[in-house]
There are 2 protein chains.
Amino acid sequence: MTIKVVAKHYVKPEKVEDYIDLSKELVKETLKEEGCIEYGLYQDSENPLILTMIEEWEDNKCLEKHFNSEHFKKIVPLMADLCENETEINVYNKIE
Amino acid sequence: MTIKVVAKHYVKPEKVEDYIDLSKELVKETLKEEGCIEYGLYQDSENPLILTMIEEWEDNKCLEKHFNSEHFKKIVPLMADLCENETEINVYNKIE
């Protein structure tokens, strides 16, 4: 069964554009990864400082590989520097 | 552009099974709605009390219609009674 990841970030007000710019390479490279079904950045319709990556992966093994990919290790720490401290990450299994 | 909805619920410990049971009719009926691309209930892999509806809709108009549907108005209040007070709902637009 596939897994979903919802990674919700509260970005610093003056850093939203930089955050979005950085995300573009991450999204582009991640979509090429084995087992990546969906990977996109979304902005909350009411609070533009909430930027959330919504992801779907074939399985946990593919997600682990993603965490160890060059693009993840290069770009994610730069994006994290632009966030407030309240990042919320959930890994989900579907209820069938 | 489509919209995503992430509705994260903290369900009372003794109510998880009832919550999942109630969700089944809601999911089944909602998937028949016009403009519903995705609608599924997901359980956090670390905290089984976190149950989240992950949704995708053609547009806001379809989502509004969903809020006014018979199945939504019948089932969602029953599900809400089984939750703690910390429900978090975000409506998202994709960053392209």
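Predicted model: local features only at pLDDT ≥ 70, side-chain atom pairs only at ≥ 80, totals over all residues.
Local features need pLDDT of at least 70, side-chain atom pairs count only at pLDDT 80 or more, and totals for chains, interfaces and linings use all residues. Residues are numbered from 1 along each chain as its sequence is written, chains are lettered from A in the order in which they are written, and side-chain values use heavy atoms, with hydrogens and water left out.

**Salt bridges**
- Over all chains there are 14 salt bridges (a side-chain nitrogen of Lys or Arg within 4 Å of a carboxyl oxygen of Asp or Glu).
- One of them pairs Glu88(B) with Lys8(A), whose closest N and O atoms are 2.7 Å apart.
- Glu88(B) lies in strand 4 of chain B and Lys8(A) in strand 1 of chain A, so the pair joins two chains (strands are DSSP runs of E, at least two residues, numbered from the N terminus).
- Lys8(A) is buried, at 4% relative accessible area (buried means under 20%, exposed over 50%, partly exposed in between, with a 1.4 Å probe and protein chains only).
- Glu56(B) and Lys4(B) form another salt bridge, at 3.5 Å from N to O.
- Those two residues are 52 apart in the chain, in strand 3 and strand 1 of chain B.
- Glu56(B) is buried at 14%, and Lys4(B) is buried at 1%.
- Shared partners join Lys4(A), Glu38(A), Glu56(A), Lys4(B), Glu38(B) and Glu56(B) into one network of salt bridges.

Definitions and conventions:
Helix = DSSP H or I, 4+ residues; strand = E, 2+ residues; numbered from the N terminus.
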